[in-house]
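Please open the model in your viewer and keep the selection panel at hand. The stops below go from a whole chain to an interface, and then to single residues.

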Amino acid sequence: MDKFIIDNMNLYYGSFHALKNVNLNMPKNKITAFIGPSGCGKSTLLKSLNRMNDLVEGCKITGDIKLDGTDIYSDMDVNVLRKKVGMVFQKANPFPMSVYDNIAFGPRTHGIKKKSELDRIVEESLRDAAIWDELKDRLKKSALGLSGGQQQRLCIARALAVKPEVLLMDEATSALDPISTGKIEELCLKLKDDYTIIMVTHNMQQALRISDNTAFFLLGEMVEYNSTDAVFSSPKDKRTEEYITGRFG
Amino acid sequence: MADKNNAALIDDIKPINKVTFKQRMLSYKRKPLSFVMLLLVALAALISAAALVFIIVYVLVRGIPNLTPELFALTYNSDNVSCMPSIINTVVLTLLTLVIAVPFGIGAAIYLAEYAKKGNKLVKLIRTMAETLAGIPSIVYGLFGMLFFVYALGWGYSLLAGAFTLAIMVLPTIMRTTEEALLTVPDSYREGSFGLGAGKLRTIIRIILPSAMPGILAGIILSVGRIVGETAALIYTYGSATGYATGFLNSGRSLAVHMYVLTNEGLHTDQAWGTAVVLLVLVFAINTLSAFIAKKLGTKKG
Amino acid sequence: MQGVFFLTALASIAAVAVICIFLFINGIPAMAEIGVFDFIGGQKWAPSNVPASYGIFNMIVASVYVTAGAIVIGVPIGILTAVYLARFCPKPLYKVLKPATELLAGIPSIVYGFFGLMVIVPFIRDNFGGNGSSWLAASIVLGIMILPTIIGVSESALRAVPESYYEGALALGATKERSVFKTILPASKSGVLAAVVLGIGRALGETMAVVLIAGNQVQIPSRLTDGLRTLTANIVMEMGYSTGLHRQALIATGVVLFIFILLITISMQAIKSRSEKHG
């Protein structure tokens, strides 16, 4: 079953045509990876899925993007959309507050005030993000004191705390060391039982290791989209082949 | 050509990501508190702007009809309460204050920006002291000026005492703006000049100061605005004699002090409104000039 | 030449030193003669009585009251305006609004005072009773006068907050308003605090506007419409004709004000170094 359906989508930054005629169906409870060289539009596409592109001045989108059959641009409140479609950013961005308040921020935003309920959500989210054991004794400490890898997993926990259906990961491991990266990849594999994950990655090995489907982008065009195995073992397009064999990018 | 057509096409696109007013209102309906916050910030901005507009319009409406020729008569008497002598006195006072303060302000800024080593204890002290000076209220400057220049040095209420007092007062402004201007000069200019074998001093005078000039000028003009608007620091240093201060040791009143005396006496309210207009227009013209020059610097940099 | 620049740089140190020395050597003896406790704690200021009384307690309280009033009015409006300018203002409007708030800083105190005397004082007299020259009048005018300081400093503090906090909150489904008020504003709190402290310094030291509209009675006001006399007003009103111990007592009043301002400057520095440490 398809969670996200992108239909004939175009995106412009001013007069720059950043995404050209993208058609893409992303299945539920799978990990979809977007790969391609810098500037190919993969992050831009990702940010269109939770409307973070709305913040960019002069950004124009045409076409249709549907989440579970609902048009996310015309028929859904943007704040509801972002609650359903969580995002983890390239650079970990914990708020300058305690670990606890970071996780509780989302639930509080959506009206949960009861202390016991928040306590439960905080613990559950941190457990889901496999960081509870490391942080349970420092819930009241500032999140800015954590290591980079911990901060990023905290941000994943923060995103999980609002019970999203989809998790967008924008090169979420690119600033991390291999051990932290490994932990997050493991986490993704575990999370896909409950969530649909869409990730942008620079790292082809990562796409190969954890994603079910892979879309390859080049100069704003989606060149190829198939199961990850197919894309990497028998790419149909010559440009895909050149990219995955490391001839450019 | 193709690009132009392309751009025109893009302008015609009806994007799906445009948030309509209706969508926004529906969103606020779900979160009424957010709507309240939006209204609050807009209201606050409105109040701030309204305060300014109200003051200015009120002063202009009451003051402009009182801008009579007598108000600008060459000699002051207690009937015409002409502000002409005080305008001239203000100009002279401003010039003398700048003559004293600018060399110190620029010199200090050059030392801080070009010579001083970072983290030096003394440099830190200099900065702290400049900040302290910036925080001292005018009336305390006035008290000090009176104690030191008027009495200890025996200058009496005089142009010199007023100018020295104000010079200390505007020193931190000139120092800070000049230093900021010097720091915006790219290091490549310095390296280029050193590369040609120029010495440090020559580089500063020939290369760095000229490129930082708009910023320095903006700071100086800002100080002029402060001098022109100043009252409390002048009453007991420059005094409030009504004529032209023709010598360094003569007392005179600046325009702002003149306005204070008029207000305090309460006998010439109409003329006080007129004087308020003159003062406002002067100060605004000066501030606008400063902002304009600073902006020119900004665009040049960008 | 470096030496010459160095010497000019020492000017600010010298200036602060000379200001301190002259104020203190002229003010301390009066305090000693009057008695520090009688001077600071005394409620009676009657220089022409025999024997004269020089107690400035009521004026210290008045200065605090007037400053508090200005803060109550100026801080909420100032911070909210800064939030509007930094996060909500459409660009074309910003180009007008921003210079307008800066223009507010350019209006000379004497014009504020005159405006207060002619417009706000009669308004209070007609609508709230009393003779108009009052704690309330001074608070309103000072509240407006500190706006540009609060707005300017708060706005730059708000703009210095990393955009990633804002985006992080939005991505969790928070509204723009919630994202601004729950992440950006708290993250800029030391800058906003600095703005408030600067505003306090400005209000406490303001003279010309206050002396014209505060009524200048030496008393602790019990209502907002009562008059009061601040430390600054006391100095500027009586310095012109004072002699002997009276004049020294006025200088000592200046010393007390100066110490207040120094405390504020020191707390400013503390806030600054703390926020620098926390990045």
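Select chain B of this predicted model: among its contacts between residues at least 6 apart in sequence, 74% join residues at least 24 apart. Colour chain B by secondary structure, and you will find 12 helices and zero strands, so that, in keeping with the definition of these elements, the pattern along the sequence is α-α-α-α-α-α-α-α-α-α-α-α. Of the 302 residues of chain B, 46% count as buried.

Next, show chain C beside chain B, where 66 residues of chain B are in contact with 65 residues of chain C. On the chain B side, helix α3 (residues 32-63) gives the most, with 16 residues, and by class this side has 52 nonpolar, 12 polar and two charged residues.

Now move to the largest nonpolar core, which has 270 residues, and pick out B:L171, C:V66, C:V141 and C:I213, the members that touch the most others. Centre on C:V66; leaving aside residues up to four places away in sequence, C:V66 touches C:W135, C:A138, C:S139, C:L142, C:A203, C:V210, C:A214, C:L228 and C:T230.

Finally, select helix α4 (residues 91-106) of chain C, whose 16 residues should span 22 Å at 1.5 Å a residue, which agrees with the 23 Å between its end C-alpha atoms.

Conventions. Residues are numbered from 1 along each chain as its sequence is written. Chains are lettered from A and ligands numbered from 1 in the order in which they are written. This is a predicted model: local features need pLDDT of at least 70, side-chain atom pairs count only at pLDDT 80 or more; totals for chains, interfaces and linings use all residues. A nonpolar core is a set of buried Ala, Val, Leu, Ile, Met, Phe, Trp, Tyr and Cys residues joined through C-beta atoms within 7 Å. A residue is buried if 20 or more other C-beta atoms lie within 10 Å of its own, exposed if 12 or fewer, and partly exposed in between; C-beta atoms are placed from the backbone. Two residues are in contact if their C-beta atoms, placed from the backbone, lie within 7 Å. Helices (H or I, at least four residues) and strands (E, at least two) are DSSP runs, numbered from the N terminus. Ala, Val, Leu, Ile, Met, Phe, Trp, Tyr, Cys and Pro count as nonpolar, Asp, Glu, Lys and Arg as charged, and the others, Gly among them, as polar. The expected span of a helix is 1.5 Å times one less than its number of residues.
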